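Reader: Could you take me through one part of this model closely, starting from the ligand and working into the sheet beside it? I would enjoy a connected account.

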Amino acid sequence: MFVDWFVPVYLLVSVLVLAGFGACLYFLEPGLQDAHKWSNKSIKHQPLMPTLRTHRDDDSNMSEIVPPEVKPKPAVPAKPSHVALPTSTPPAPPQLSGTGGQGSGGGSTLLGYVGIDTIIEQMRRKTMKTGFDFNIMIVGQSGLGKSTMVNTLFKSQVSRRSSGWSRDEKIPKTVEIKSVSHVIEEGGVKMKLTVIDTPGFGDQINNENCWEPISKYINEQYEKFLKEEVNIARKKRIPDTRVHCCLYFISPTGHSLRQLDIEFMKHLSRTVNIIPVIAKADTLTPEEKTEFKQRVRKELEVCGIEFYPQKEFDEDQEDKAENDKIRETMPFAVVGSDKEYQVNGKRILGRKTAWGIVEVENPNHCEFSQLRDFLIRSHLQDLKEVTHNIHYETYRAKRLNDNGGLHPISTSNGSQESNL
Ligand SMILES: Nc1nc2c(ncn2[C@@H]2O[C@H](COP(=O)(O)OP(=O)(O)O)[C@@H](O)[C@H]2O)c(=O)[nH]1
Ligand SMILES: [Mg+2]
């Protein structure tokens with residue numbers, strides 16, 4: 001009797017308990033619901049592009065991430081349009097940790113656009129932040145217009161700033177090496193331009209070794225740089241006072257180079273980039289100028305004087321062709337002035353003569369603007385590189401050899417200094 005009703009009741013209760021336990025498990029574990037849904041759909045009913053839900057930090061939602069469709073790789077890697085825009089950052093590929101998507105495997109990313117060409121943009125941004133130094137030295141005999149040229153460079157379109165002397169003040173005779181610096185900013189890029197004016201030479205009866213003070217100054221700047229470089233705790237960015245180019249002023253005699261010019265350039269060309277320049281070009285007729293230029297080039301060649309851009313440092317045929325053209329027009333014949341005049345409603349730098357105004361920045365009047373473009377627009381970086389890689393490197397190697405290796409030593413105040 002008891003057995004008659006106990007067995008069915010016991011079985012019913014067991015079934016109810018098991019059903020309740022199963023229902024709880026189904027509702028509390030969402031993965032089982034998804035498995036249920038997927039198993040109920042036939043393949044052809046699944047959407048072509050499964051919804052990509054972003055991964056949230058909450059672990060319980062990991063199961064919501066549906067694997068994306070793997071697209072075939074393009075035959076030719078496509079360059080995304082965003083690279084043209086300097087400020088935009090490339091969109092990151094979808095990061096699907098643990099789902100086997102594109103992100104971690106990286107196969108398609110490597111075959112696609114990598115972005116190597118953005119290095120130019122990266123370098124530009126770095127240079128904009130740090131700025132750079134560019135140092136020009138002017139040497140030559142007295143009275144050739146070197147000090148005037150310092151003013152011309154700063155007052156011309158290079159900077160439109162005063163170099164220190166007021167407009168009506170007469171430029172005093174230069175008695176010592178003196179540098180003038182200005183930070184010039186263009187398009188967000190800062191350049192600290194320093195022009196080093198030097199006393200003229202050739203006035204003395206004995207001009208022997210008159211290049212020595214100039215040579216000494218150039219080497220001192222290399223030494224300063226080397227000392228900074230060998231310091232244990234060296235600066236992240238070493239201030240660069242090295243002379244990147246030396247404008248050598250040639251007297252506009254129309255004849256030939258003086259022996260002193262030859263000696264001077266011979267000595268300097270071993271340590272610095274020499275750029276010969278014909279001074280006071282307004283004193284020569286166009287024919288005289290062309291003839292004089294040819295003669296100077298020939299004489300420099302005969303004497304074995306390598307001026308900048310040196311043939312041996314042309315990097316390739318393209319470089320050679322470009323530099324050959326420049327070498328054929330050198331030395332640039334320039335006119336300097338720090339006086340401004342009104343010409344056709346515009347203020348211009350010029351020299352007023354009885355027969356008209358010689359315009360410094362007019363390419364039909366003189367070659368100042370060609371020289372400026374050559375120094376800044378086309379060859380500035382190369383001038384800096386040749387200075388660093390050739391002239392400074394030669395100096396450095398010699399100093400390290402002479403010294404048997406540089407050992408940084410501690411000074412009494414605790415700072416590190418080399419034993420140069
Ligand atoms: N004709 C002419 N005279 C110039 C030129 N540049 C400077 N001068 C003049 O030459 C003289 C000497 O100039 P300065 O700059 O002191 O020469 P430095 O001794 O080489 O520094 C001054 O009277 C200048 O006005 C130029 O391009 N043409
Ligand atoms: Mg002077």
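Author: Happy to! Around ligand 1 there are 16 residues, and the closest are G145, K146, S147, T148 and K280. Please keep in mind that this is a predicted model. Sorted by class, the shell around ligand 1 holds nine polar, four charged and three nonpolar residues. The element that gives the most to this shell is helix α6, residues 146-155, with three residues.

Now to the sheet. Six strands make up an open sheet with mixed pairing, and their order is β2-β3-β1-β4-β5-β6. Its edge strands are β2 (178-186) and β6 (332-333), each of which pairs on one side only. Strand β1 (residues 132-140) runs parallel to strand β3 (residues 189-197), and seven bridges join the two. One residue to look at here is F132, whose bridge partner in β3 is M191. Over on β4 (245-250), β5 (274-278) and β6 lies helix α9 (residues 286-302), which runs across them at about 150° to β5.

Let me finish with G140, which sits in strand β1. This glycine counts as buried because it has 24 C-beta neighbours inside 10 Å, and the cut-off for that label is 20 or more. Beyond its neighbours within four places in sequence, G140 is in contact with K146, G200, Y248, F249 and A279. Of these partners, K146 brings us back to the ligand, as K146 is among the residues closest to ligand 1. G140 can also be set against C246: the two are 106 residues apart along the chain, and their C-alpha atoms are separated by 10.0 Å.

Definitions and conventions. Residues are numbered from 1 along each chain as its sequence is written. Chains are lettered from A and ligands numbered from 1 in the order in which they are written. This is a predicted model: local features need pLDDT of at least 70, side-chain atom pairs count only at pLDDT 80 or more; totals for chains, interfaces and linings use all residues. A residue is near a molecule or strand if its C-beta atom, placed from the backbone, lies within 6 Å of it. Helices (H or I, at least four residues) and strands (E, at least two) are DSSP runs, numbered from the N terminus. Ala, Val, Leu, Ile, Met, Phe, Trp, Tyr, Cys and Pro count as nonpolar, Asp, Glu, Lys and Arg as charged, and the others, Gly among them, as polar. Two strands pair if DSSP finds at least two bridges between them. Two residues are in contact if their C-beta atoms, placed from the backbone, lie within 7 Å. Axes are lines fitted to C-alpha atoms, for helices over the stretch in contact, and angles run from 0 to 180 degrees between N-to-C directions. A residue is buried if 20 or more other C-beta atoms lie within 10 Å of its own, exposed if 12 or fewer, and partly exposed in between; C-beta atoms are placed from the backbone.
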